[in-house]
Amino acid sequence: MKDKISIVGAGLVGSLIAVMLKKKGFSVQVFEKREDPRNSLVAQGRSINLALSHRGIQPLKLAGVYDTIAPFLIPMNGRMMHDQSGALTYQSYGKEGQFINSVSRAQLNELLINSAEESGVEVYFNHKCTDIDFEKNNISFENGVSVESDLIIGTDGAFSALRKKLQFTDRFNFSQHYIEHGYKELSIKPINGEFGLEQNYLHIWPRGNFMLIALPNNDKTFTCTLFFPFEGSPSFAQLSSKTEVDSFFDQFFADAKALIPDLSDQFFENPTSSLITTKCEPWNKGRSILLGDAAHAIVPFYGQGMNSGFEDVRLFIEMSEKMNWDWDSILPSYSQQRKKDADAISELALMNFIEMRDHVGDPIFLKRKKLEAKIQEQFPNEWIPLYSMVTFSDIPYSEALRLGKIQKQVMDEVLQSETEEIDYNKIIERFNALKKVG
Ligand code: FAD
């Protein structure tokens, strides 16, 4: 295939789709505004990790890059909750053998860029896209370069230049929303050369309106993230001295604090960042399309931002192949079909924040989890918990959200009923009946 495809943004999604399109025989160029991360000391110095799960793994396998990253993944079998006294409770993520993986963002991105170059993709760094001409399929860059293509893919993240350009076109809808919480990353260094916390878990310190989480890294550090309101009580605004930070952590996260001797230094050295949800439609215009965060940035609480972006890539390639690479038909169809699933994961991610920070340690939540485990044990093929649908399956996000709401309704009914004996057959009948209706 002779079509020339230009991709704006060599982040996770851009580099992955570059590999896949090159393997399908296209001429592919990627333009990235930053310098090459493989030579950048800034990128190498930070260990920021992400949870990689089924929807992200499948496309990596299809692109032939999964085997290279697999040795660096750290399985996380479930949540390890830390209460305020330091007591631990464990909840598995799914059935026996189901787990999610901690992966270094920088390592995964570098590996994908390497794979893109090895498969023949041309990657240009220090190329910041500043303008798109949708009539001429032309991209302009800050350095004066301009490029014409048969297809332009915007994978330039939550603040996409391509999307900003679309905002000046007719009948383009866009919304953005910052939540009231920001986040700050902190690092737990190895203790006597070993992990400071148990290695194969995602650790959570749920504290009502805020929480701390920690994911393991290959160098035996843990990257902790504090999700915390910007304003109010307590909030980032209230922690303005080292003494205030120390006493706040002593009160709420004493066991984590004991593992971070330089806590207050890290707290003031590391940035506080905001969290945004963006939605837009359509994702396409002429021969241009948005994928990944550029099309749908979500809050990180379901660990699905990258995973959904990778799934975007798989579905885009599958649809394009089916439609014989006819871009003029593919782009509007893809945008229209995928949008509802992007909206659904966006809603699920916001819902999961409340679950993680507020409910995971709550007795009613635990009762519901126990009930759900029993229903699933009796009807493993009919009742798949919402977390499993989202994390371990290909069920479209919109369907997972719909079924999850029905499951909640059914469990609410059971938990509110006065009867002691639980009739699991009745539960599944009720679920199946509601499923057909909704
Ligand atoms: P990005 O990774 O943002 O890449 C965009 C690229 O485009 C960048 O390289 C950027 O430099 C480049 N670019 C931007 N503008 C231009 C321009 N004008 N010209 C050229 N290049 C440009 N997701 C998960 O699946 N699991 C998790 O556990 C998880 N945890 C997260 C935790 C936090 C705190 C945050 C903030 C996000 C998390 N995510 C997670 C989400 C995940 O990081 C994103 O969904 C993912 O990075 C999106 O990939 P992308 O390639 O679309 O965008």
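This is a predicted model: local features need pLDDT of at least 70, side-chain atom pairs count only at pLDDT 80 or more; totals for chains, interfaces and linings use all residues.
Residues are numbered from 1 along each chain as its sequence is written, and side-chain values use heavy atoms, with hydrogens and water left out.

I placed glutamate 311 in helix α10 (residues 305-322). Helices (H or I, at least four residues) and strands (E, at least two) are DSSP runs, numbered from the N terminus. I then listed what touches glutamate 311: leaving aside neighbours within four places in sequence, Arg55, Pro59, Arg338 and Tyr397 are in contact with it (contact means heavy atoms within 4.5 Å).

**Helix α5**

I checked the length of α5 (residues 105-118). At 1.5 Å a residue its 14 residues should span 20 Å, and the end C-alpha atoms are 20 Å apart, which agrees; the expected span is 1.5 Å times one less than the number of residues. Its buried residues are Leu108, Asn109, Leu111, Leu112, Ile113, Ser115 and Ala116. The cover over these buried residues includes α1 (12-23), α3 (54-62), α4 (66-69), β7 (100-104) and α10. After α5 comes glycine 120, with a positive phi near 105 degrees.

**The seven-stranded sheet**

I traced an open sheet of seven strands in the order β6-β5-β14-β15-β16-β13-β17, with mixed pairing. Two strands pair if DSSP finds at least two bridges between them. The edge strands, each pairing on one side only, are β6 (88-92) and β17 (272-281). From one strand to the next, the twist averages 25 degrees.

Inside this sheet I followed β15 (residues 211-216) and β16 (residues 222-229), which pair in the antiparallel sense over six bridges. Isoleucine 213 stands opposite threonine 225 in β16.

I also found helix α11 (residues 327-359) lying across β5, β13, β14, β15, β16 and β17, at about 150 degrees to β17. Axes are lines fitted to C-alpha atoms, for helices over the stretch in contact, and angles run from 0 to 180 degrees between N-to-C directions.

**The three-stranded sheet**

I noted another open sheet, of three strands in the order β9-β10-β11, with antiparallel pairing. Its edge strands are β9 (129-133) and β11 (146-148). Neighbouring strands here are turned by 20 degrees against each other on average, direction ignored.

Four bridges join β9 to β10, and cysteine 129 stands opposite phenylalanine 141 in β10. These two strands form a hairpin with four residues between them, where asparagine 137 in the turn has a positive phi of about 55 degrees. I counted three bridges between β10 (residues 138-141) and β11; serine 140 has serine 146 of β11 as its bridge partner.

**Helices α12 and α15**

How do I describe two packed helices? By the angle between their axes and the distance between the axes. The axes of α12 (residues 363-378) and α15 (residues 424-437) come within 10 Å and cross at roughly 90 degrees. That makes α12 roughly perpendicular to α15 (65 to 115 degrees counts as roughly perpendicular). Leu371, Lys374, Ile375 and Gln378 of α12 meet Tyr424, Ile427 and Ile428 of α15.

Conventions. Angles under 35 degrees count as roughly parallel, over 145 as roughly antiparallel, 65 to 115 as roughly perpendicular and the rest as oblique. Buried means under 20% relative accessible area, exposed over 50%, partly exposed in between (1.4 Å probe, protein chains only).
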